[in-house]
Structure formats: C-alpha cells, structure tokens
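These are my notebook entries on a single protein model. I set down what I looked up, entry by entry.

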Amino acid sequence: MFDSNTGTDGPAVIKTTGDWRGSHQTSIVGSTIFNNGTRQPGHDHIQATWVFNGRTYDRCLHFNPGPGDYKLTIGDHATITSLTWRGECDL
C-alpha cells in the first residue's frame, strides 16, 4: 500500500506477502492499495477493509492487470484495518 492520491508514486507504507491486520491512518493525500500478486488460484485477490466516518467498507482487488480492479485509492482521514488474501471476487 502506498501513501499517494494518484497511484503508486508515493512511499510504500505497507508491503506484505501474507495477510495484514492493524490500523493505518491514510495520509493527507490518501492511500493507494495495489495488488501486485501473481496468479495463484484461491489466493491471488486482496480483500481490503477500511473505516471512514465511522462506517466500515471493503473491496476485493484482482491481481494486476485484471480483469477487474487491481488498485484502489482511499481518501484522507480513513483507517485501513486489513488486507487479506482470498479467492475470486464476487461479480
């Protein structure tokens, strides 16, 4: 995950090959989550979960280059709480 509001050009702040749980406050420019994994059926998508204004959100990201979304930009003042490897995203 990178602190950047435009993509992956900001500094990397979380880089993991396994599941991550914690509390990361997005920077004042937001944060971008990028799935740089490779094809591994059953374990190549990321379930990202974050809290914004007291509400919990989540999104599944495909490995790059898709099909489907493989990166997500979350605005400022959010807290990312988990990045979990999983199987296919529901359509």
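Entry 1, terms and basis. I take buried as under 20% relative accessible area, exposed as over 50% and partly exposed as in between, with a 1.4 Å probe and protein chains only. The model is predicted, so I read local features only at pLDDT of at least 70 and side-chain atom pairs only at pLDDT 80 or more, while totals for chains, interfaces and linings use all residues. I number residues from 1 along each chain as its sequence is written, and side-chain values use heavy atoms, with hydrogens and water left out.

I looked up pLDDT, the predictor's confidence in each residue from 0 to 100. The protein has a mean pLDDT of 84, and 87% of its residues reach 70 or more. I take strands as DSSP runs of E of at least two residues, numbered from the N terminus. Confidence is highest in β4, at 95, and lowest in β2, at a mean of 87.

I pair rings of Phe, Tyr and Trp (its six-membered ring) if their centres lie within 6.5 Å; planes under 30 degrees apart count as stacked, over 60 as edge-to-face and the rest as tilted. How many aromatic pairs does the structure hold? I find 2. F34 and Y70 are edge-to-face, with 5.6 Å centre to centre and 90 degrees between the planes. F34 lies in β2 (residues 31-34) and Y70 in the loop between β4 (55-61) and β5, so this pair ties together parts 36 residues apart in sequence. F34 is partly exposed at 22% relative accessibility, and Y70 is partly exposed at 25%. W50 and Y57 are stacked, at 5.9 Å centre to centre and 15 degrees between the planes. W50 is buried at 11%, whereas Y57 is partly exposed at 28%.

I define a nonpolar core as buried Ala, Val, Leu, Ile, Met, Phe, Trp, Tyr and Cys residues joined through side-chain atoms within 4.5 Å. The largest one has 12 residues, among them W20, W50, L61 and I80. At least two residues of this core come from each of β3 (45-52), β5 (71-74) and β6 (78-86).

I looked up T79, which lies in strand β6. T79 is buried, at 19% relative accessible area. Its side chain makes a polar contact with that of Q25 at 3.3 Å; I count N or O atoms within 3.5 Å, where within protein one must be able to donate a hydrogen and the other to accept it, and residues adjacent in sequence count only if both atoms are side-chain atoms. With neighbours within four places in sequence left aside, T79 is in contact (heavy atoms within 4.5 Å) with S23, H24, Q25, T49, W50 and V51.

Key:
Helices (H or I, at least four residues) and strands (E, at least two) are DSSP runs, numbered from the N terminus.
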